[in-house]
Amino acid sequence: MKHNLNIQPLNSWINKSGKEPLVIAGPCSAETEDQLVATAHLLAKTGKISALRAGIWKPRTRPGEFEGIGSIGLEWLKRAKEETGLPTAVEVATAKHVEEALKAGVDILWVGARSTVNPFTVQEIADALKGVDVPVMVKNPVNPDLSLWVGALERINNAGITKLAAIHRGFSSYEKSAFRNEPMWDIAIALKTLVPNLPIINDPSHITGNRDLIGYISQKALDLDMQGLMIESHIDPTVAWTDAAQQVTPAALSEIIDHLALRKPEVKGAELNDKLTELRNQIDKIDDLIIQKMAERMKIVEKIGNHKKENNVTILQVNRWDEILHKRTSYAKALKLSGEFTEKLLELMHSESIRKQTEIMNAGQENAPAEKLTHA
Ligand code: PEP
Ligand code: MN
């Protein structure tokens, strides 16, 4: 199902000059007037930045940590904008934040990951935005829940905000990995599929939590056709009051941007397109074949189900499943498929087989959708 939100294209409200890639940068937090203004100047001097970000009100996990400099920071942002010409962006989490930010002339607002999880908070922000024409970016919720992300975007859009974008900043996960927040790219891709006209900006800083990985994630985001990057940059990251490990100096940021390869979603030139069409045709044929084989496999699964039913045998036979898993993954490995991929694929096929056989076993019983499933 596709959602068609009423959204204006990104270049109608940011990066009108068409810098590639689009980069929003600035410190995690505004700390002092000097830190913010000096960072802004260095960022502007690179010529590669489209907007200046800074956290004024900071959501912190534990009390007693630096919770943002507060409203005074809005004055510093105003000065930074006056001196550099960069439009400004801040995070808002309450109606009061919205009012203050708008009053101070902030150009772009964003909803943080900890706010997107809470429909009450998002609705409060949306209500405060009614009748205002300001661009808003909505970060993904902390937990991997696409609907919550879409819901927040809809609430803001329903308030009349059409200059809208999503920010992909990764998802919290209990399992520790190289990343601070797991990218779970498939959720961002699902959002793109669901709302095709919604721009998505990637935030490699909060995904990685580690400045050494920012280039890698930025490249991946661009390769997945995301429309921009939001990267935290601080004049002296090592002494930053928040998120020190993930911030980069404006000079380091400039270098990261220089190393990014810009690829086009559609290849230009007839010859390249011919090649791409030919390869896509091959893929289409193989996909059709895979589906056909899956259907054949499922027919056999049904026969097995009927046979088990007639002979009163349980659906699941663990030894048989172990054997399948083992044999197939070693075969797949020999064909250079990753073990993880093969296991996931087999598990998916297996759970569908079990579902099918359960239907067969229960056929004729109350509430079972039996008729159409037996003896096709
Ligand atoms: C931030 O952008 O500094 C921030 C607090 O991010 P998030 O909401 O993604 O945690
Ligand atoms: Mn941060």
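Ala128 sits in helix H5, which spans residues 119-129; helices (H or I, at least four residues) and strands (E, at least two) are DSSP runs numbered from the N terminus. With a relative accessibility of 23%, Ala128 counts as partly exposed, a class that falls between buried (under 20% relative accessible area) and exposed (over 50%), using a 1.4 Å probe and protein chains only. Ala159 is 31 residues away from Ala128 along the chain, and the two C-alpha atoms are separated by 8.7 Å.

The model is predicted, so local features need pLDDT of at least 70 and side-chain atom pairs count only at pLDDT 80 or more, while totals for chains, interfaces and linings use all residues. Residues are numbered from 1 along each chain as its sequence is written, chains are lettered from A and ligands numbered from 1 in the order in which they are written, and side-chain values use heavy atoms, with hydrogens and water left out.

Turning to the overall layout, the domain assignment, which is automatic or taken from a database, divides the chain into domain 1 (22-259) and domain 2 (271-362). Their C-alpha centres lie 42 Å apart. The unreviewed UniProt entry places the feature "domain: Chorismate mutase" at residues 270-361; such annotations may be inferred rather than shown by experiment, and their positions follow the numbering used here, with feature names shortened. Residues 270-361 are 88% helix and 0% strand, with 56 Å between the end C-alpha atoms.

Oxygen atoms of ligand 1 lie 2.6 Å from a side-chain N or O atom of Arg169, 2.9 Å from a polar side-chain atom of Arg114 and 3.2 Å from a side-chain N or O atom of Glu232. On its own, ligand 1 has 300 Å² of accessible area, of which the protein covers 97%, by the Shrake-Rupley method with a 1.4 Å probe.

His234 is placed in the loop between strand E8 (228-232) and helix H10 (250-258). His234 counts as buried because its relative accessibility is 2%. Its side chain makes a polar contact of 3.4 Å with that of Gln35; a polar contact is a pair of N or O atoms within 3.5 Å, and within protein one must be able to donate a hydrogen and the other to accept it, with sequence-adjacent residues counted only if both atoms are side-chain atoms. A polar side-chain atom of His234 also lies 2.8 Å from the backbone nitrogen of Asp236.
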